Amino acid sequence: MKTAAVLAALCSTAAAFAPAKQAAQTTSLAASEFEDVLGAQPPLGLWDPLGLLNGADEERFDRLRYVEIKHGRISMLAFLGQIVTRAGIHLPGSINYAGDSFDSYPNGIAALFGPNSIPTAGLVQLIAFIGVLEIAVMRDIPGTGNEFVGDFRNGYIDFGWDEFDEETKLQKRAIELNNGRAAMMGILGLMVHEEIVPLGYDPELPIIGHLV
């Protein structure tokens, strides 16, 4: 049951990230046309090892950038969650009516899969909550004054953004993009390390420490 729920969630997420349909008439651009875009910076410059931008148009690039930013934001939250919970910081109180505390469940992947994972009902609630955020909150609403791909302010979230000059805005967007890229590699590395611990490999990781 739990596996089926996870697979269903993955399928729906994949559908959300699927490329949008292209217009009937588009103009393909060479990958070199994107060498000066935000995120193409030293030492790698425009790094596209899979050639995803070969023959891509502006709409295709914007879609890829949108997915990159969203995955980066999710990964930053995931990595931060690893740091916080492995430091022993958990929500107070009970996670269910049986009186089980939040810290009674393991950290990382073991909290979702394994003999001591959270119940299926809890996993379904998490997936449903993420679905609501995806559909109703974390999206770009046209006509609300959003300035760039991944701008989810939608006319009501600002935190002083409009007070920055253009150079500062570009700098902060570049910082977010790079932090997101680093977080994607970081959370992937933690997941891989956690899965190879049963093989007898449990190193002392920076910041995180031991995974078990």
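Me: Quick one: is Lys-70 buried or exposed?
Reply: Lys-70 counts as buried, at 6% relative accessibility. Buried means under 20% relative accessible area, exposed over 50%, partly exposed in between (1.4 Å probe, protein chains only). This is a predicted model: local features need pLDDT of at least 70, side-chain atom pairs pLDDT 80 or more, while totals for chains, interfaces and linings use all residues. Residues are numbered from 1 along each chain as its sequence is written, and side-chain values use heavy atoms, without hydrogens and water.

Me: Which side chain meets Lys-70 in a salt bridge?
Reply: Glu-134, at 2.8 Å, N to O. A salt bridge puts a side-chain nitrogen of Lys or Arg within 4 Å of a carboxyl oxygen of Asp or Glu.

Me: How many residues apart are they?
Reply: 64, so the pair links distant parts of the chain: Glu-134 in helix α3 and Lys-70 in helix α2. Helices are DSSP runs (H or I, at least four residues), numbered from the N terminus. Glu-134 is partly exposed, at 27%.

Me: What about Arg-65 and Glu-68?
Reply: Their side chains form a salt bridge too, at 3.1 Å, N to O. They sit three residues apart in helix α2, so about one helical turn separates them. Arg-65 is buried at 10%. Glu-68 is partly exposed at 22%.

Me: How many salt bridges in the whole structure?
Reply: The search finds 10.

Me: Which residues are linked in a network?
Reply: Glu-147, Asp-151, Arg-153, Asp-162, Glu-166 and Lys-169. Lys-169 and Glu-166 meet at 3.9 Å, N to O. Both lie in helix α4. Lys-169 is buried at 7%, but Glu-166 is exposed at 55%.

How values were computed
Helices (H or I, at least four residues) and strands (E, at least two) are DSSP runs, numbered from the N terminus.
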